[in-house]
Amino acid sequence: MIIGLHSFKGGSGKTFVATNLGYKLSEKGRKVCVIELDMKAPSLHSFFETEKFVNELLTKKASARDYLNEVKENLSVIVASPSLQEIKRDLMRSDVESLKILKRLQEVLAELKSMNFDFIILDNPPGLSYMSVNSMLVSDIIFFVSRAEKDDLAGLNILYEVSKNVEKQKYVILNRITERTKNIRLSYPVAAKIPCSCEITDEPFFVETFKEHEVSRAFDELAEKILGLR
Ligand SMILES: Nc1ncnc2c1ncn2[C@@H]1O[C@H](COP(=O)(O)OP(=O)(O)O)[C@@H](O)[C@H]1O
Ligand SMILES: [Mg+2]
C-alpha cells in the first residue's frame, strides 16, 4: 500500500508523520519504506550517514535497494539530498522533467513492492506543484497533514478542491494539536489528531524514544486504523 502525505504549507509535519507512522507500522510487523520526496526542503539527511539520495535514484537507472537506509528491522528510509546544487536543480525542474521523475518513481515503487515492502510512505513536497499533485495519483491513500491553525486549514480547502477528481481515500491528519485546538472539528474526515510535543521537536523517531508519550499513542492509533483499512 502506498501512503501519500501532502500539505499546503511546509513545516506542517509531513516528515514527522512519515517517520513516526512508518516506525509504528514496522513495529506491528509490516515492512515499511519512507521516501523523502521534498527535495526543496530536505530534512532527513541529517539523521543518516549516506551519500545515496533520492534525487539520484529518481534521475538515473538505479536500484532502490542501494538507496535504502535501514533504521531498524522492517523500516528503511530513502532521504533527499541536502546539497544546494540539488535543491536548486529541483527548484528549476520543468514539468516535463517532473513527469520523468514521476515515471521513475513508479518504477521505484514497483521495485520496492517486489522486495515485499507492505507500506511505502511518500513524504511529498508541499503546495500545488506538478510533482505534488501528480504524486497523489500513485498513492492508494492520501493524508493531508495540517496544523490546526487558520492558515493551514485554509490550505486544506485548496488541497481538497484540487484533488476532488483524484478518486482515492483522503483523510486529514491534524498535527501539533494543543489544549486550545484539541476540540476542533472539520468538515473532512480526520484520521488522527497528533498532539504537539512542543518541548521536543528535533526527534524524527519520536515514538521510539518516548514510547508512552501521548504523541506516540496517537501514532499507534493511526497505525491501527490504517491496518484496519486494508
Ligand atoms: N506533533 C509534533 N510535535 C512536536 N514537534 C513536531 C510535531 N510535528 C512536527 N514537529 C516538528 O516540527 C518541525 C517541522 O516538521 P516537519 O515534519 O519537518 O514538516 P514538513 O516535513 O511538513 O515540512 C520539525 O522540527 C518536526 O520535528
Ligand atoms: Mg519535510
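Modeller: The chain has eight helices and eight strands, where helices (H or I, at least four residues) and strands (E, at least two) are DSSP runs numbered from the N terminus. This is a predicted model, in which local features need pLDDT of at least 70, side-chain atom pairs count only at pLDDT 80 or more, and totals for chains, interfaces and linings use all residues. Residues are numbered from 1 along each chain as its sequence is written, while chains are lettered from A and ligands numbered from 1 in the order in which they are written.

Biologist: Why is N74 called buried?

Modeller: A residue is buried if 20 or more other C-beta atoms, placed from the backbone, lie within 10 Å of its own, exposed if 12 or fewer, and partly exposed in between. N74 has 20 C-beta neighbours inside 10 Å, so N74 counts as buried. N74 lies in the loop between β3 (69-72) and β4 (75-78).

Biologist: Why is N116 called exposed?

Modeller: N116 has 7 other C-beta atoms within 10 Å, and therefore counts as exposed. Its place is the loop between α4 (95-114) and β5 (119-123).

Biologist: Which residues touch the most other members of the largest nonpolar core?

Modeller: C33, V54, I78, I120 and I121, out of 61 residues. Such a core is a set of buried Ala, Val, Leu, Ile, Met, Phe, Trp, Tyr and Cys residues joined through C-beta atoms within 7 Å. Beyond four places in sequence, V54 is in contact (C-beta atoms, placed from the backbone, within 7 Å) with I35, E36, L37, Y67, I78, V79 and A80.

Biologist: Which residues come nearest to ligand 1?

Modeller: G13, K14, T15, F16 and T201, of the 19 residues around ligand 1; a residue is near a molecule if its C-beta atom, placed from the backbone, lies within 6 Å of it. The elements giving two or more residues to this shell are α1 (14-27) and β7 (169-177), and α1 gives the largest share, three residues.

Conventions:
Contact = placed C-beta atoms within 7 Å.
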